[in-house]
Amino acid sequence: MNAEVTRQIGELRETVARLHAELTRYNLVAWTSGNVSARVPGQDLMVIKPSGVSYDDLTAATMVVCDLDGVLVEGDFAPSSDTAAHAYVYRAMPEVGGVVHTHSSYATAWAACGESIPCHLTAQADEFGGEIPIGPFALIGGDDIGKGIVATLSGHRSPAVLMRNHGVFTIGRDARAAVKAAVMCEDVARTAHLAHTLGQPVPMAQADIDSLYDRYQNVYGQQPVAPAGS
């Protein structure tokens, strides 16, 4: 590897290690479950969590580097058992720079029921542009999970999919965006569950969902300001 790629990998090791702390912070994982990965820009490589290592022990040095076939390239530990799924997503979706997997309680409960989360909330419209879809059942270990993620999310606004009987997978332009999607997916799933226990949630018009999504994706937040007098 040249010096620039080595530098990028070093930075991503730090970033991915730090982002795993967000999964525990937001109670999205238990014990050693769940994982975050990041694509190395311009390379057929990714940085991912090692398999079965405690979150308290995760550091930049414990992160591993794999190619996009899931083969270990660099690191002292075996990669996550979900590595093949992440690798498939990166191969099939070049726009994706980060992938996250969690078993967060409320979202995974929807997955256990084999149900997508309908869009009844403005916050869900903002983040996901509609429903959070349900994906197919697939066994862990190979790339079948990755195939299910790609088949479900291709052409879909949602960066999150509920894989049936399994849990949540999210994608993003980078690893931080994928972590944010995982956090917001659980928040929406919790509120949707509570709404269904109270009664029948009120539908939202598709035009309103579209408008909210467009505003949040393109207007919300800090926008560049032209210099005075320009």
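Asp69, Arg91, Asp143 and Lys147 are linked in a network of salt bridges. This is a predicted model, and the count of salt bridges in it comes to 11.

- Glu4 pairs with Arg7, their closest N and O atoms being 2.4 Å apart. Both residues lie in helix α1, 3 residues apart, or about one turn of the helix.
- Glu4 counts as partly exposed because its relative accessibility is 40%, and Arg7 is partly exposed at 39%.
- Glu22 and Arg25 also form a salt bridge, at 3.1 Å from N to O. This pair, too, sits in helix α1 with a spacing of 3 residues, about one turn.
- Arg25 is exposed at 56% relative accessibility, whereas Glu22 is partly exposed at 23%.

**A salt bridge between separate parts of the chain**
- The side chains of Asp210 and Arg157 meet at 2.9 Å, N to O. Asp210 belongs to helix α7 and Arg157 to the loop between α5 and β7, so the pair ties together parts that are 53 residues apart in sequence.
- Both partners are partly exposed: Asp210 has a relative accessibility of 29% and Arg157 has 36%.

**Nonpolar cores**
- The largest nonpolar core has 25 residues; Ile9, Leu23, Val36, Val47, Val100 and Val179 touch the most other members. Two or more residues each come from α1, β1, β2 and α6, with the largest share, 7 residues, from α1.
- Leu23 touches residues beyond four places away in sequence, including Leu28, Tyr55, Val100 and Val179.
- A second, separate core of 21 residues includes Ala85, Val150, Val161 and Met163.

Terms used. Residues are numbered from 1 along each chain as its sequence is written. This is a predicted model: local features need pLDDT of at least 70, side-chain atom pairs count only at pLDDT 80 or more; totals for chains, interfaces and linings use all residues. Side-chain values use heavy atoms; hydrogens and water are left out. A nonpolar core is a set of buried Ala, Val, Leu, Ile, Met, Phe, Trp, Tyr and Cys residues joined through side-chain atoms within 4.5 Å. Buried means under 20% relative accessible area, exposed over 50%, partly exposed in between (1.4 Å probe, protein chains only). Helices (H or I, at least four residues) and strands (E, at least two) are DSSP runs, numbered from the N terminus. Contact means heavy atoms within 4.5 Å. A salt bridge is a side-chain nitrogen of Lys or Arg within 4 Å of a carboxyl oxygen of Asp or Glu.
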